[in-house]
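This report is a guided reading of one protein model, written for someone meeting such a model for the first time. Please keep the sequence and the 3D view open while reading.

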There are 2 protein chains.
Amino acid sequence: MSWIEDPAFGADQPFGPQTLPYGVVESPELDGPAVAVRVGDHALPLRPIAGSFSDRLADLVGADSLDAVLAAGRPVWSELRARLTELVTAGSAPRGAKLLPLGEVTNRLPFTVADYVDFYSSRHHAENVGRMFRPDGDPLLPNWTHLPIGYHGRAGTVVVSGTDVVRPNGQRKGPKDPAPVFGPSIRLDIEAEVGFVCGGPVTSRVSVNKAPEHIFGVALVNDWSARDLQAWEYVPLGPFLAKSFLTSVAAWITPLDALSQARVAPPAMGNELQDYLVEDRPLGLDLRMEVRWNDTLVSRPPFASMAWTCAQQLAHMTVNGATLRPGDLFASGTVSGPEKNERGSFLELSWGGKEPVVLDDGAERTFLEDGDTVVITATAPGPDGSVVGFAEVSGTVLPAPVA
Amino acid sequence: MSWIEDPAFGADQPFGPQTLPYGVVESPELDGPAVAVRVGDHALPLRPIAGSFSDRLADLVGADSLDAVLAAGRPVWSELRARLTELVTAGSAPRGAKLLPLGEVTNRLPFTVADYVDFYSSRHHAENVGRMFRPDGDPLLPNWTHLPIGYHGRAGTVVVSGTDVVRPNGQRKGPKDPAPVFGPSIRLDIEAEVGFVCGGPVTSRVSVNKAPEHIFGVALVNDWSARDLQAWEYVPLGPFLAKSFLTSVAAWITPLDALSQARVAPPAMGNELQDYLVEDRPLGLDLRMEVRWNDTLVSRPPFASMAWTCAQQLAHMTVNGATLRPGDLFASGTVSGPEKNERGSFLELSWGGKEPVVLDDGAERTFLEDGDTVVITATAPGPDGSVVGFAEVSGTVLPAPVA
């Protein structure tokens with residue numbers, strides 16, 4: 001029996017010893033922010049038990065963010081995870097250990113985001129959007145099946161789960177408006193996504209088969225989107241203010257090492273791919289996501305349905321010589337499955353606002369209203385029939401400031 | 001007479017005492033990288049003379065990058081510039097001063113780039129591109145005159161002037177290609193731009209009239225662009241790999257404080273603007289740029305012709321609540337004037353490759369060839385009839401790596 005007496009830390013629980021996600025917590029019990037590992041419903045800060053690690057690891061885990069861990073690279077990540085597994089499954093606590101209930105700690109964004117890239121890799125999402133906005137054309141654009149479409153987002157507004165979402169002001173122009181109007185977005189939406197946190201030495205031209213060497217872990221992302229701002233601004237250079245006001249990322253990063261049982265092949269693309277995008281062993285991942293809108297389960301996006309894997313995304317992102325830095329974050333794009341109740345945005349769930357979603361309390365919704373809360377969670381298959389958990393990414397909408 | 005005996009430091013020279021741009025230099029004479037000011041054809045590192053500043057300033061100027069200076073904010077920027085002006089115009093050198101010829105120092109990227117945003121604010125450039133790519137439609141899209149169109153670029157590949165430009169590999173698909181092909185870009189281009197380096201406290205919703213409080217200085221930018229990659233990838237989310245391989249920025253940042261005589265009003269937009277974009281006193285700037293292709297002067301882009309000012313760009317970028325951080329860099333977009341010899345990209349100068357540019361040695365060019373060097377410089381009106389200089393941004397094209 002582990003010294004950690006938390007029923008949520010059982011091997012049959014999503015945050016049992018098979019998962020061990022990393023975060024950064026603050027607490028009056030601690031001398032400043034501390035790297036921590038999540039064990040069930042508790043945080044185990046690592047600085048107080050740094051003496052239980054090798055000197056090399058002690059420096060990394062004693063820090064106030066995951067930045068040094070990310071920079072250290074995969075051999076160190078594996079060594080750290082192995083030692084952590086020993087410590088949390090031992091019969092007695094390491095000297096100095098402080099086990100803090102999750103409800104009594106404050107989570108911080110666990111790493112410094114270097115560059116943030118957002119992809120668009122769900123065929124169902126891309127087709128749904130295409131059908132709504134280009135009803136007369138092919139729902140999928142010709143480049144989509146040849147490369148993972150993506151763009152850069154704003155790193156400075158990536159925030160930790162739980163941060164309030166202030167409704168953005170901006171310009172919009174409906175088809176009947178003679179001129180653009182300025183004010184609070186009236187089509188505020190979510191995008192349920194999966195984010196990948198990168199590390200290791202600064203590099204470039206990451207081979208698609210070497211991608212796992214550079215991906216530290218996985219965290220859920222909500223890429224809040226103002227659809228009315230987006231529709232007006234996005235031609236020809238892409239989304240800008242419609243996305244840059246806030247992007248939420250989960251407080252706990254599930255290590256890629258925990259996901260060896262979750263690997264799946266993505267659906268066939270239907271055309272040949274360039275060599276640099278062909279994986280020997282695909283890095284699709286079988287995450288089962290859930291989206292809750294004010295506590296109503298409104299969608300179960302299946303990440304296994306994504307057409308492009310994180311390895312293909314990473315290889316594409318760096319094939320032009322662009323450098324990859326520790327702290328780079330890239331997200332999958334909205335995860336939407338083939339079924340209506342598998343869509344990862346409210347734009348799709350309400351079909352452009354035409355088919356309201358009815359919540360459990362009878363309230364109807366198309367886009368987000370002030371006061372609404374959205375929570376996204378996920379699980380994946382773990383070793384020996386276990387389940388690996390992904391910490392929630394959540395946010396509550398606050399009214400726009402008076403412009 | 002100043003103790004600095006450099007004819008290039010005269011008041012009638014672009015890098016005289018009216019300019020005083022900031023950079024970071026390395027030299028065997030120095031104990032690591034040092035913040036420096038450019039005086040004529042010399043660098044004056046500030047760490048060796050930190051004792052000549054107040055304690056508050058000494059900490060900032062003793063650093064190995066401009067990051068702390070940027071974070072300090074405008075009152076400190078003004079105090080620092082005033083003290084520097086005293087020191088460089090005095091009759092005797094401050095104790096410990098080391099004056100290093102520019103040819104004997106190595107320039108480093110002078111600050112840590114937080115987020116990088118690229119605008120698209122030349123009406124002539126946008127119209128030229130529109131005419132080439134949408135010959136049957138209105139050259140300007142309907143949103144262009146209502147908001148400064150922009151997008152996020154890759155901060156991690158912003159490099160200092162002089163860094164080699166490795167030709168990117170990527171996917172392209174010409175109109176006659178049955179499928180995309182992969183290989184070195186065959187339409188490698190420049191974009192002659194003006195960059196704005198931000199600082200001060202982290203903030204948001206910067207009022208258009210308060211923009212100067214948050215803009216530390218101005219540096220020329222070359223936003224290298226692979227037009228063939230761009231044409232294939234950019235729908236619907238904008239340019240990505242076509243731009244992210246490299247963006248060059250000048251080694252010396254000309255303070256905004258040096259440009260009080262260079263302010264001009266931009267050309268009239270022709271329609272009403274939203275209140276948040278209306279400036280009491282426009283921050284257009286009369287920079288006269290020069291683009292040299294292998295030493296041939298091929299273009300003189302007039303920055304005063306830009307339709308959107310840096311103040312409007314900054315107000316727009318933050319009106320949705322997006323935070324502004326010290327180290328944020330935004331660029332104007334390609335600067336093109338109304339005349340053919342005022343265009344800021346080779347795409348425009350060669351009209352999509354149809355009208356080759358003839359260099360002084362008789363060589364013809366449409367897009368960049370391996371070994372080509374491009375140098376962009378600029379000047380602006382200074383006080384008392386002087387001229388304020390902008391350090392060059394340059395780069396030489398190297399062959400693509402074997403894919």
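This is a predicted model: local features need pLDDT of at least 70, side-chain atom pairs count only at pLDDT 80 or more; totals for chains, interfaces and linings use all residues.

**Two copies**

Two copies of a chain are related by a rotation about an axis and a shift along it. Here chain A is superposed on chain B by a rotation of 180° with 0.0 Å of shift along the axis, and the RMSD is 0.0 Å. The two copies are therefore related as by a two-fold rotation axis. Within chain A, the C-alpha nearest that axis belongs to A:Gly238, at 2.1 Å from it. Both copies use the same surface, since 100% of the contact residues of chain A recur in chain B.

**Two domains in chain A**

Chain A is divided into domain 1, covering 7-108, and domain 2, covering 116-398. The C-alpha centres of domain 1 and domain 2 of chain A lie 28 Å apart, and the contact takes 27 residues from domain 1 and 28 residues from domain 2 of chain A. The size of an interface is often given as the accessible area lost when the parts come together. For domain 1 and domain 2 of chain A, the area buried between them is about 2,000 Å², with 67% of it on carbon and sulfur atoms. The count of salt bridges between domain 1 and domain 2 of chain A is one.

The UniProt record, in an unreviewed entry, lists residues 117-379 of chain A as "domain: Fumarylacetoacetase-like C-terminal". In the model, the end C-alpha atoms of residues 117-379 of chain A are 23 Å apart, and the span is 13% helix and 29% strand.

**A buried helix**

How many of the nine residues of helix H7 of chain A are buried? Nine of the nine residues of H7, which spans residues 310-318 of chain A, are buried, so this helix is largely enclosed by the rest of the structure. Among these buried residues of H7(A) are A:Cys310, A:Gln312, A:His316 and A:Met317.

**Backbone exceptions**

Most residues other than glycine have a negative phi, and most peptide bonds are trans. The peptide bond from A:Val235 to A:Pro236, however, is cis, with omega near 5°, and A:Pro236 lies in the loop between helix H5 (227-233) and helix H6 (241-244) of chain A. In chain B, a cis peptide bond likewise joins B:Val235 and B:Pro236, with omega about 5°.

A:Arg205 is not a glycine, yet it has a positive phi of about 45°. A:Arg205 sits in the loop between strand E14 (203-204) and strand E15 (215-222) of chain A, and with a relative accessible area of 40% A:Arg205 is partly exposed. A:Asn294, also a residue other than glycine, has a positive phi near 50°; A:Asn294 lies in the loop between strand E21 (288-293) and strand E22 (296-299) of chain A, and counts as partly exposed at 26% relative accessibility.

**Charged pairs**

Side chains of opposite charge can pair when their charged atoms come close. The structure holds 36 salt bridges over all chains, and the table gives some of them.

| Salt bridge | N to O distance |
|---|---|
| A:Arg74 and A:Asp257 | 2.9 Å |
| B:Asp189 and B:Arg227 | 2.8 Å |
| B:Arg227 and B:Glu191 | 2.9 Å |
| B:Lys243 and B:Glu191 | 2.8 Å |

B:Arg227 forms a salt bridge with B:Glu191. In this pair, B:Arg227 lies in helix H5 of chain B and B:Glu191 in the loop between E12 and strand E13 (192-198), so parts that are 36 residues apart in sequence are tied together. B:Glu191 also forms a salt bridge with B:Lys243. That pair links distant parts of the chain, 52 residues apart, with B:Lys243 in helix H6 of chain B.

In chain A, salt bridges that share partners join A:Asp189, A:Glu191, A:Asp223, A:Arg227 and A:Lys243 into one network.

Technical notes
Residues are numbered from 1 along each chain as its sequence is written. Chains are lettered from A and ligands numbered from 1 in the order in which they are written. Side-chain values use heavy atoms; hydrogens and water are left out. Copies are superposed by least squares on the C-alpha atoms of residues with pLDDT of at least 70 in both. Contact means heavy atoms within 4.5 Å. Buried means under 20% relative accessible area, exposed over 50%, partly exposed in between (1.4 Å probe, protein chains only). Helices (H or I, at least four residues) and strands (E, at least two) are DSSP runs, numbered from the N terminus. UniProt positions are given in the numbering used here, feature names are shortened, and annotations may be inferred rather than shown by experiment. Domain bounds come from an automatic or database domain assignment. Buried area is the accessible area (1.4 Å probe) that two parts lose on being put together, summed over both. A salt bridge is a side-chain nitrogen of Lys or Arg within 4 Å of a carboxyl oxygen of Asp or Glu.
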